[in-house]
Amino acid sequence: MNQINPHLERLRLLRPVRGRLAAGLLCMAVAVAVQLWAPKAVAYVMDNMAALAGAGLPPSWLLLAFGVMLLQAMASALRYYLFHSAGLDIVNGLRRELFAALLKQPIAFFDRHHVGELGSQLSADVQSLHEAMTIEAASALRAACVFAGATAMMLAISPLLALVLAVFIPATLYMGKFSGHNFRKHAKEVQASVADSGKTAQEHFSHVRLVHAYNQQPHSLAKYAEAIARQMRLQLSMARLVAGFQGVSSLLTFAALLATLWLGSVLIGRGQLTMGGLAAFVIYSSMVSDSASSLSSFWTSWMRSIGATERVFDILRSQLPAGDGAATLHLSGQFAFRDVRFAYPERADLLALDGISFGVQAGEKIALVGASGAGKSTIAALLLGFYRPDGGAILFDGQDANGLALAAVRDHIAIVEQEPSLFSGTIADNIAFALPAGRAGMDEIVAAARLANAHDFIEAFPAGYQTLVGERGIQLSGGQKQRVAIARAALRNPRILILDEATSALDAASEQLVQRALDQLMVGRTTLIIAHRFSTIMKADRILVMERGRLCQQGSHEELMRQPDGLYLHLMQHQVSLAG
Ligand code: ADP
């Protein structure tokens, strides 16, 4: 892969806001011009003190100065706002892009990355770029102008005096570059450790019931304390770097001032410089050193943000190519696995599927049966295209899935998970999730809910379909969540249905309601059920029995029960081992 320049890659983000930036730069030019002009005014007043002392400053002079100050104030305010709002735009755009890029990652990416870590990338990493690209970049630009302007003024006042200072400036700039490099390395480590401690906290909170039940609060605290101690160590080492940088640069600043005053007094003695000229020179030199140090501190924070956003840009660059093939497909529901071999990228040594072959007719109901870890969920994951097979092929209506657009295939598939996931929002939103935004009408949502036996309980809520669920809303029971999930699948009206049967026992009444809902949903659709319940297995047209990634038996319940040495008979006799 060819090397991408990290600076250019980030500067490209400026393009959409270039108009606003140009306006901001104009305001900045006004403010800088006034700033550069001020010491000249001071020099004028000092050198003409004798004449001005009696009469005071002329009113026209004061009026002009006031007008200029007002202009400067307005330009400063406008500059701040323009740069800041442009920065916010850039960062929000980047957040959107990153979110989109994360959603486009293959499912295997989410096996590797923790959800908390991704959250931190969306906020903290991007935020660091925000600061570098907005306020700091604006003041750095301003500093660059002041630096150039004040240097020119100093040269105009006394080239010899300016030459003395010239010795100090490269030293400051070099220091900035040197520490920038170190900052970048440190910042990356700090950012990673911040993500790490966030991940630890999130994990323990998401399992807070387990933590309480097992009295593991001290353990959780110890884990978190360890993570933040590491973060602190890294941050302290970063702070030491900054401290050293600041110490040396302030030393340089004062040494420069001392040199200026000494040589300045010599030049005044020789009549080559006026008092006002020296005063203006000192003010200009402090402008130069301030702007040099703000330039170098901008450089460090720029490098820090490049380090912090390296992972963000890695993700942006690594998006999946959109699958080829037609955007819409007509599928009958017929599919087949042909000698499929697959290992999870995270566990390359273990074949989760080891030469699986079976065909399913449109409308057929297939139960997948086998001990936990046999590979049932993996079959569902491959059918959904979460992963690609390492060998063999998955065929829909005889066409290799590799040649079909993933989204077009998924349009015909719906899944009801073992633990149904609901988003925070209304019940109607959760059902409508099955279709592209805005595609589902209320009538269709209600029809789907009726089919899923969910309509009555939804209507019983005061807000009906607009009832909020999820984190801030009401908690639905397991059976109710299942039925909302079934309604969601029904709304999709899929050709192929994947059911991951709930293992946790629902009470008999809600299990019956869920079961009836599923029975209605399955009518006329190809259904693949990861089956745990005897009743479901019995109803399937065909049962596939799996063992350690292989298909060891298939047939109807009666056929399989007639095979005395088969795994199926064994599993049926020890139904307990089916769960999980
Ligand atoms: P089942 O659904 O029959 O319980 P799975 O299909 O979930 O079995 O798992 C098959 C094998 O693949 C198991 O050995 C399991 O540990 C492994 N496995 C499942 N999911 C992943 C994953 N995301 N990453 C790595 N290994 C996995």
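Predicted model: local features only at pLDDT ≥ 70, side-chain atom pairs only at ≥ 80, totals over all residues.
A polar backbone atom of Lys-376 is placed 2.9 Å from an oxygen atom of the ligand, and a polar side-chain atom of Thr-378 lies 2.4 Å from an oxygen atom of the ligand. A nitrogen atom of the ligand is found 3.3 Å from a polar side-chain atom of Asp-111. The ligand taken alone exposes 560 Å², of which the protein buries 74%.

Charged side chains were examined next. Side chains of opposite charge can pair when their charged atoms come close. The structure holds 10 salt bridges. One of these is formed by Asp-89 and Arg-20, with the closest N and O atoms 2.5 Å apart. Asp-89 belongs to helix α4 (residues 59-103) and Arg-20 to helix α2 (residues 18-47), so this pair ties together parts that are 69 residues apart in sequence. Asp-89 counts as partly exposed because its relative accessibility is 42%, and Arg-20 likewise counts as partly exposed, at 27%.

A salt bridge is also present between the side chains of Arg-492 and Asp-411, with an N to O distance of 3.8 Å. Arg-492 lies in helix α18 (residues 478-492), whereas Asp-411 is in the loop between α14 (406-410) and β6 (413-416); the pair therefore ties together parts that are 81 residues apart in sequence. With a relative accessibility of 24%, Arg-492 counts as partly exposed, and Asp-411 is assigned to the partly exposed class at 41%.

Asp-519 and Lys-539 form a further salt bridge, in which the closest N and O atoms are 3.2 Å apart. Here the partners are located in helix α19 (residues 508-522) for Asp-519 and helix α20 (residues 534-539) for Lys-539, so the pair ties together parts that are 20 residues apart in sequence. Asp-519 has a relative accessible area of 29% and is partly exposed; Lys-539, at 45% relative accessibility, also counts as partly exposed.

Conventions: Residues numbered from 1 in each chain as written. Heavy atoms only, no water. Polar contact = N/O pair within 3.5 Å; in protein donor to acceptor, adjacent residues only side chain to side chain. Areas by Shrake-Rupley, 256 points an atom, 1.4 Å probe, with all protein chains shown as cover. Salt bridge = Lys/Arg side-chain N within 4 Å of Asp/Glu carboxyl O. Helix = DSSP H or I, 4+ residues; strand = E, 2+ residues; numbered from the N terminus. Buried < 20%, exposed > 50% of the residue type's maximum accessible area, 1.4 Å probe, protein only.
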